[in-house]
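Subject: Structure handover

Hello,

Here is the structure I promised to pass on. Please open it alongside this message; my notes follow below.

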Amino acid sequence: MNFYFSVADLSAIWLTIKLATVVTVILLLIGTPIAWWLARTRCWWKGPAGAVVALPIVLPPTVIGFYLLVAMGPDGPLGQFTQSLGLGLLPFTFAGLVVASVFYSLPFVVQPLQNAFENIPERSLETAATLRASVLDTFFSVVLPLSKPGFLTASVLGFAHTVGEFGVVLMIGGNIPDQTRVVSVQIYDHVEAMQYTSAHWLSAAMVVFAFVALLLLYTLNPTGRRK
Amino acid sequence: MNSSFVTCASVQSANNFCGLSDAQIKMRVVSQFAARVLIFVCLLVAGKAAHAEEKITIAAAADLKFALGEIVVLFKSTHPAAQIETIYGSSGKFSTQIRQGAPYDLYFSADISYPRALKAEGFASSEVQPYAVGRIVLWSPSRDAGKMTLADLADPSIRKIAIANPQHAPYGKRAEEALRAAGMWEKIKAKLVYGENVAQTAQFVQTGNAQVGIIALSLALSTEMAKQGDYALIPDKLHQPLEQGFIITERAADNLLVRDFAAFIAGKEARNIMSRHGFELPGEVE
């Protein structure tokens, strides 16, 4: 065997990495304020909001895929919104996959961050405040260093969970090369077309990737260590 | 401020607790429970096996959804004791599953080459029976598809066109052949989106995310879809015939009810239903 991955396989791998990277960056940006709010608020709807964020963990991907397909369609609220912005429709596009994945992987980023934020002693923040540190300054010089393990966990899980996505992509992606045909869908197509050798190579690559990602998480992350 | 210390302390004590023999006791309880569940499942399976003769499990291509449902109802009217379970999905997936020992008694494939391959490999206990020839159509709920031809697909107001995945879905393969034969493939390739099977392809169009789709006539004729949109037949000289065939699997070799059902499929009543649902019949096209 001389070639392990076909050109189509390589483009699926590249697309998957691109998708997961974009999604992880967006998730860290929007997940951080959400997690901070959830960790610090005493508002009564903290519970309901936390539950909404966690929904994708429990819901089958088919439910998310179905609702997104309808909502992003020409008659759906999201579809009408994107059309009014002149962006067209989201299904079958890379942008559509990004939107879907952000929703789908949200809890995997928010929850580790929320845990990290909850473990920051109130005293550190009060001390920073008495030293007249601004909110942003406090965030960058106190919160960020103290919750580094949380950010590491959030990034790895957000990235890995997006790579592992299948059902939602299958339902709203339309299987377009270089746009929506990610590795998990490509493997499915290989199996369906009975190209088992190609399916094996890609699947093995996914196993290695998943193992390395988790290994990174467990070895680098000091929160995992017990005293 | 104190709450974080309390959480830490409780986590640590829980860890110490779990390391001790309580865990072993828990394990024992769990394994006993698992053993009971296993016995229960075995009994259940044994009970079902005793009635195997009255039960048929059919794996059928997604395009048969409406036609086969009607045929099963009619068959049951003369075989009231028969329990017939039909699973619809992609032909390719079913053939892989049958190779891996899936519990299907009959396999209806939208592409006759799959059951032929299974027969050659010894997974069939009957000959490969052709039962229908499928047709592909252009379908759209948002424009007058009744008057459309493949050449109209180049229209810039059509942004997305859904077809089944030509890599493995029989209807997708034929759609690609027809588009190529009409000289349209290269022109519209960038607008194509691929459904996992022909039913998902139809769903992309139904939800309005694709404006036009190439789907099975049998789906376009279904009550639900006929209400929503019109269709135009794609000339069958543009593609290889969608010859469909079924086999009785090896596991159902001695199942008399399955034999009855297979004979019923070849009968006049079943053929009428097939033809009403948009299939041509093997005897009629040569």
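Chain B has 12 helices and 10 strands. Please keep in mind that this is a predicted model. Of the 286 residues in chain B, 41% are buried. Take the contacts in chain B with a separation of 6 or more: 79% of them join residues 24 or more positions apart.

**The sheet**

Five strands of chain B form an open sheet. Their order is E2-E1-E3-E10-E4, and the pairing is mixed. Strand E2 (83-89) and strand E4 (129-134) of chain B sit at the edges, each pairing on one side only. On average, neighbouring strands of this sheet are turned by 20 degrees against each other, direction ignored.

Look inside the sheet at strand E1 (residues 55-61) and strand E3 (residues 106-109) of chain B. These two strands run parallel and are joined by three bridges. B:Ile58 has B:Leu106 in E3(B) as its bridge partner.

B:Glu54 lies in the loop between helix H2 (22-50) and E1 of chain B.

Which residues does B:Glu54 touch, leaving aside its neighbours within four places in sequence? The contacts are B:Ala81, B:Ala82, B:Gln83 and B:Leu257. B:Val258 is also worth checking from here. B:Glu54 and B:Val258 are 204 residues apart in sequence, yet their C-alpha atoms are 9.0 Å apart in space.

**A helix pair**

Next, helix H3 (residues 65-78) and helix H12 (residues 268-276) of chain B. They pack with their axes 9 Å apart, at an angle of about 155 degrees. Angles over 145 degrees count as roughly antiparallel, so that is the label for H3(B) and H12(B). The crossing of H3(B) and H12(B) is right-handed.

H3(B) brings B:Ala67, B:Glu70, B:Ile71 and B:Leu74 to the contact. H12(B) brings B:Glu269, B:Ala270, B:Ile273 and B:Met274. By class, the contact of H3(B) with H12(B) has six nonpolar and two charged residues, with no polar ones.

**Where the chains meet**

How many residues does each chain give to the contact? Chain A gives 21 residues and chain B gives 18 residues. On the side of chain B that touches chain A, helix H1 (2-18), helix H4 (91-99) and strand E7 (192-195) of chain B each supply at least two residues. H4(B) has the largest share of that side, with three residues. By class, the side of chain B that touches chain A has 11 polar, four nonpolar and three charged residues.

**One residue in chain A**

Finally, A:Ser141. This residue is in helix H7 (residues 135-146) of chain A. A:Ser141 has 12 C-beta neighbours inside 10 Å. The limit for exposed is 12 or fewer, so A:Ser141 counts as exposed. A:Pro48 is 93 residues away from A:Ser141 along the chain, and their C-alpha atoms are separated by 31 Å.

Best wishes

Notes: Residues numbered from 1 in each chain as written. Chains lettered and ligands numbered in written order. Predicted model: local features only at pLDDT ≥ 70, side-chain atom pairs only at ≥ 80, totals over all residues. Contact = placed C-beta atoms within 7 Å. Helix = DSSP H or I, 4+ residues; strand = E, 2+ residues; numbered from the N terminus. Nonpolar A, V, L, I, M, F, W, Y, C, P; charged D, E, K, R; others polar. Pairing = 2+ DSSP bridges. Axes fitted to C-alpha atoms, helices over the stretch in contact; angles between N-to-C directions. Buried ≥ 20, exposed ≤ 12 C-beta atoms within 10 Å, placed from the backbone. Parallel < 35°, antiparallel > 145°, perpendicular 65-115°, else oblique. Left-handed = near helix turned anticlockwise from the far one by under 90°.
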